[in-house]
Amino acid sequence: MPHGQPVLDRLVALLDLERIEENIFRGVSPAESPVRVFGGQVAGQALVAAGRTVPPERRVHSLHSYFIRGGDPSVPIVYEVDRVRDGRSFTTRRVVAVQHGKAIFTLSASFQLDEPGLDHQEPMPAVPSPTSLPTYAESAAGYVEKVGMARLPRPIDIRYVTEPPWLAREDGPGEARSQVWMRADGKLPDDDLLHVCVLAYASDMTLLDSVLVRHGVYWGTDKVLGASLDHAMWFHRRFRADEWFLYDCASPSASGARGLATGHFYSHDGHLVATVVQEGLLRVL
């Protein structure tokens, strides 16, 4: 299973979009991509496109996005940025990702100058340290080969706190919760926007696990078809994506072939750095 600094460097290169015009950028997908473009990739690339039209002192604080069509990994993705507003404190950008002449993804992002203000947070759950937990490769031994994922590069180091969902399904329906430690698997440059985009990339990796474990099913092992429908994130505090962060996810509801999941990112020292909400299409055949 490819991992480590070389694989992370490829992710950094993937997020380094080509500027075609003032507000138009182009990105590509990895050669080892599955049938559809990974949702975290298109979200991260769209956020890069938006951020490159904003002064660096304005940091992204929220994004709201919709996955419209499955992306084709064999052709480039064009990102068109609309400079909606440049205010005294806030900047707003809208991005449309296009393939084959059609929109596959839209994103709105808001950026803000740093300001002092009220400050509080919910405490981080008590969990084991990441170094005491098995690596993803150790936890998924046998499973990834079975579903054909063994050759896919993994730029994000993942350690499951809760039982991995492919094992939890053997016990039947359980609590709608998933907790993992994550970090970029190597060293990232000192670029605030890049760290936020890597977190956006990682946020789509295990979020819907919390829905599936509630019903005792999982991708590849059971006949489950799924896709991200929409994705929103709020960034609360500064962080480094190449340091450990806890991704605490839960699902409050599933209905109408859709599952809702919420996630909270905590830094290793307990600071709440981001909140995520996603609804996914989930069909059990």
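Colleague: Is Trp166 buried or exposed?

Modeller: Trp166 is buried, at a relative accessible area of 5%; buried means under 20%, exposed over 50% and partly exposed in between, with a 1.4 Å probe and protein chains only. Keep in mind that this is a predicted model, where local features need pLDDT of at least 70, side-chain atom pairs count only at pLDDT 80 or more, and totals for chains, interfaces and linings use all residues. Residues are numbered from 1 along each chain as its sequence is written, and side-chain values use heavy atoms, leaving out hydrogens and water.

Colleague: Which cluster do ring pairs link Trp166 into?

Modeller: One of Tyr136, Tyr143, Tyr160, Trp166 and Tyr218. Rings of Phe, Tyr and Trp (its six-membered ring) pair if their centres lie within 6.5 Å; planes under 30 degrees apart are stacked, over 60 edge-to-face, the rest tilted.

Colleague: How many aromatic pairs does the structure hold?

Modeller: Nine. Among them, Phe38 and Tyr201 are edge-to-face, 5.0 Å centre to centre with 80° between the planes.

Colleague: And is Tyr201 buried or exposed?

Modeller: Tyr201 is buried, at 11% relative accessibility, whereas Phe38 is partly exposed at 26%.

Colleague: Switching topic: which residues of α6 does α2 meet?

Modeller: Leu193, Val196, Cys197, Ala200 and Tyr201, where contact means heavy atoms within 4.5 Å.

How values were computed
Helix = DSSP H or I, 4+ residues; strand = E, 2+ residues; numbered from the N terminus.
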